[in-house]
Amino acid sequence: MAELIDVLLFAFLLATAFYVLLSRDLLAVVMVAGIYSLLSAGMFLVMDAADVAFTEAAVGAGVSTLLLLIALTATGRWEKPAGHRVVPLLVVLATGATLVYGTLDLPPIGKPDNPPQVHVAPHYLERSGEEIGIPNVVTSVLASYRGFDTLGEVVVVFTAGLGVFLLIGGPRRRRGGEK
Amino acid sequence: MSAGRDAMEGQLILRVVSKFLIPVIMLFALYVQFHGEYGPGGGFQAGVIMASALIVHMLVFGLDETRRVAPLPVLRVLSAGGALLYGAVGIVAMLFGGNFLDYGVLGPTAPTGQVIGIIVIELGVGITVASTMVLLAFLFAERVRER
């Protein structure tokens, strides 16, 4: 049953990915990209990663779709036909091939003696109940054991907002034009 | 989003449904925020959900209406304030004699202190994420309106 769900999700993922690649209707592309994120969230859920699935659904399918829709109202709905596509294709193929080559060295998914399973994870799973005292181990890892990383992530989010604000926010451009 | 405001003026179903849904989305965001210790979720997801409620409000009712609820200066302060709240918890932990971000010293026992610290830093995460996402949407929408 689980394999069937996996196959179905992968098939739909591929279909949506190809649609995003080939369509010139950017409004439809944004919608389908949201569906792509929702399908990814489904796959994370099948792998029992509820927190990751939740983030993917909220960020990928939710807020980034909304932001892209707003951006589309500024840029227009239809993609302009592009000219030379050979160099980008080569770059993408080379990057993809490198990534696939990199996966060859990865240990199989779910093997009990994989490096992530034997390093600090056993300590978190066995001791977080008494050390942190909350049931959700993911939250105790993110917020306490890995608190520095999460602080960094929050600063990254703030910096991204600050960057956009400095680029397109603040005082109107017209002041410069009147000089 | 002046075009958005005019376009949505006649969309009765959209306006009524979003009026019903936005409070529910916000309530769900608060649930995710303060239930992250027990179920999936936490400050990041809650912030994004809260932001999407406000962005939907902006898309349906227009930028000006939403800016009355969430003024830009407030969002700017909150965006930095959440990250500062997070860092402040680390400093307070140092003042209590622990390491930076070592919440164990914040309560009478180490697990209690951990729970206090986690709730406060998750609140900081939620505040920064929500206000930054809404800020981004406002800036984009204003840019669209100026054209």
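Analyst: Across the interface of chain B and chain A there are zero salt bridges, a salt bridge being a side-chain nitrogen of Lys or Arg within 4 Å of a carboxyl oxygen of Asp or Glu. This is a predicted model, in which local features need pLDDT of at least 70 and side-chain atom pairs count only at pLDDT 80 or more, while totals for chains, interfaces and linings use all residues. Residues are numbered from 1 along each chain as its sequence is written, chains are lettered from A and ligands numbered from 1 in the order in which they are written, and side-chain values use heavy atoms, with hydrogens and water left out.

The contact itself, meaning heavy atoms within 4.5 Å, involves 39 residues from chain A and 50 residues from chain B. Between them the two chains bury about 3900 Å², and carbon and sulfur atoms give 77% of that area; buried area is the accessible area (1.4 Å probe) that two parts lose on being put together, summed over both. On the side of chain B, the three residues that supply more than any other three are B:Leu139, B:Phe140 and B:Arg143, with 13% of the area that chain B buries against chain A.

Helix α8 (residues 147-168) of chain A and helix α6 (residues 110-146) of chain B have axes that come within 10 Å and cross at roughly 20°, where axes are lines fitted to C-alpha atoms over the stretch in contact and angles run from 0 to 180 degrees between N-to-C directions. The two helices are therefore roughly parallel to each other, a description kept for angles under 35 degrees. Their crossing is left-handed, which is to say that the near helix is turned anticlockwise from the far one by less than a right angle.

Among the residues of α8(A) in this contact are A:Val154, A:Phe158 and A:Phe165, and among those of α6(B) are B:Leu139, B:Phe140 and B:Arg143. Sorted by class, the contact of α8(A) with α6(B) has twelve nonpolar, four polar and one charged residues, counting Ala, Val, Leu, Ile, Met, Phe, Trp, Tyr, Cys and Pro as nonpolar, Asp, Glu, Lys and Arg as charged, and the others, Gly among them, as polar.

Salt bridges do occur in the model, where the count over all chains comes to seven. One pair joined in this way is A:Arg24 and A:Glu79, at 3.9 Å from N to O.

Methods
Helices (H or I, at least four residues) and strands (E, at least two) are DSSP runs, numbered from the N terminus. Angles under 35 degrees count as roughly parallel, over 145 as roughly antiparallel, 65 to 115 as roughly perpendicular and the rest as oblique.
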